[in-house]
Amino acid sequence: MFGPFKPLGSATRHAEGQALAKTLSWPHLIALGVGAIVGTGIYTLTGVGAERAGPAVILAFAIAGAVCACAALAYAELATLIPAAGSAYTFSYTALGETLAWVVGWSLILEYSLACSTVAVGWSGYLVGWIQAAGVHLPPELLSGPHGGGIINLPAVVVALSVMGMLIAGTRESATLN
């Protein structure tokens with residue numbers, strides 16, 4: 001019904017020269033994991049959380065942290081069961097078949113696109129503060145997108161391109177900087 005399944009053993013076997021190089025050590029993986037779970041939300045959404053949750057913001061963060069820990073443990077268990085590149089796509093392919101894995105893969109691409117743009121906009125607020133503290137004032141049209149009456153959020157583009165540059169430099173270097 002859902003298409004062909006990938007046998008569990010074949011998910012970890014690759015043709016000669018087709019496997020990804022393992023360049024990260026356990027401290028790098030921990031840093032990436034904590035960075036992905038904590039993320040920028042702790043810096044950009046604390047005020048929003050405090051506004052909505054009021055004095056219970058600490059409890060809200062504790063509950064969110066517990067949920068993130070459960071997700072991290074689930075991914076860790078799946079990664080030890082299926083030690084192959086591909087994340088949720090590979091896990092879905094192995095367990096649910098090709099069709100649902102295709103949906104999961106494209107959902108991940110959409111999710112990461114939205115998350116990356118949101119993080120870039122959040123960090124652009126900090127970048128604008130630093131730029132203005134240096135005495136440089138950009139026109140308002142370059143500080144927000146069309147939805148906010150501007151042309152382009154240039155600081156968000158600079159943030160996204162900077163992160164892209166770090167990733168192009170290398171996975172190990174990006175994890176070290178993280």
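What follows is a set of questions on how the terms apply to this structure, which is a predicted model.

Student: How much of the protein chain is buried?

Tutor: Of its 178 residues, 17% are buried. The protein chain exposes about 12400 Å², and carbon and sulfur atoms supply 72% of that area. Among contacts with a separation of 6 or more, 58% join residues 24 or more positions apart.

Student: Why is Phe 91 called buried?

Tutor: The cut-off for buried is under 20% relative accessible area. Phe 91 has 11% relative accessibility, so Phe 91 counts as buried. Phe 91 sits in helix α5. Leaving aside neighbours within four places in sequence, Phe 91 is in contact with Tyr 75, Leu 78, Ala 79 and Ile 82.

Student: What makes the pair Thr 94 and Thr 90 a polar contact?

Tutor: A polar atom of the Thr 94 side chain lies 2.9 Å from the backbone oxygen of Thr 90.

Student: How do you know that the length of α6 agrees with its number of residues?

Tutor: The 36 residues of α6 should span 52 Å at 1.5 Å a residue, and the end C-alpha atoms of α6 are 52 Å apart, so the two values agree. After α6 comes Gly 135, whose phi is positive, near 95 degrees.

Student: Which residues of α6 are buried, and what do they pack against?

Tutor: The buried residues of α6 are Ala 101, Gly 105, Leu 108, Ala 120, Ser 124, Leu 127 and Val 128. They pack against α5 and α7. An α-helix has 3.6 residues a turn, so residues three or four places apart point the same way.

Student: Why is Ala 120 counted among the buried ones?

Tutor: Ala 120, in helix α6, has a relative accessible area of 7%; this is under 20%, so Ala 120 is buried. Not counting residues up to four places away in sequence, Ala 120 touches Ala 156, Val 159 and Ala 160. Ala 120 and Val 163 are 43 residues apart in sequence, while their C-alpha atoms are 9.2 Å apart.

Student: Asn 153 is in a loop. Is Asn 153 buried or exposed?

Tutor: The loop is the one between α6 and α7. With a relative accessible area of 12%, Asn 153 falls under 20% and is therefore buried. Beyond its neighbours within four places in sequence, Asn 153 is in contact with Val 121, Ser 124, Leu 142, Leu 143, Ser 144 and Gly 145.

Student: What does Ser 144 touch?

Tutor: Ser 144 lies in the loop between α6 and α7. Residues up to four places away set aside, Ser 144 touches Gly 149, Gly 150, Ile 151, Ile 152 and Asn 153. Its side chain also reaches the backbone oxygen of Gly 148 at 3.5 Å. Ser 144 and Val 121 are 23 residues apart in sequence, with 8.7 Å from C-alpha to C-alpha.

Student: Why is Ile 151 called exposed?

Tutor: Exposed means over 50% relative accessible area; Ile 151 has 60%, so Ile 151 is exposed. Ile 151 is in the loop between α6 (98-133) and α7 (154-169).

Student: Which residues form the nonpolar patch on the surface with Ile 151?

Tutor: Ile 151 forms the patch with Ile 152, Leu 154, Val 157, Val 158, Leu 161, Met 164 and Ile 168. Together these residues have about 700 Å² of accessible area.

Technical notes: Residues are numbered from 1 along each chain as its sequence is written. This is a predicted model: local features need pLDDT of at least 70, side-chain atom pairs count only at pLDDT 80 or more; totals for chains, interfaces and linings use all residues. Side-chain values use heavy atoms; hydrogens and water are left out. Patches are made of residues with over 30% relative accessible area and no salt bridge: like charges are joined within 9 Å, nonpolar side chains (Val, Leu, Ile, Met, Phe, Trp, Tyr) within 5 Å. Accessible areas come from the Shrake-Rupley method with a 1.4 Å probe; for residues, only the protein chains shown count as cover. A salt bridge is a side-chain nitrogen of Lys or Arg within 4 Å of a carboxyl oxygen of Asp or Glu. Helices (H or I, at least four residues) and strands (E, at least two) are DSSP runs, numbered from the N terminus. Buried means under 20% relative accessible area, exposed over 50%, partly exposed in between (1.4 Å probe, protein chains only). A polar contact is a pair of N or O atoms within 3.5 Å; within protein, one must be able to donate a hydrogen and the other to accept it, and residues adjacent in sequence count only if both atoms are side-chain atoms. The expected span of a helix is 1.5 Å times one less than its number of residues. Contact means heavy atoms within 4.5 Å.
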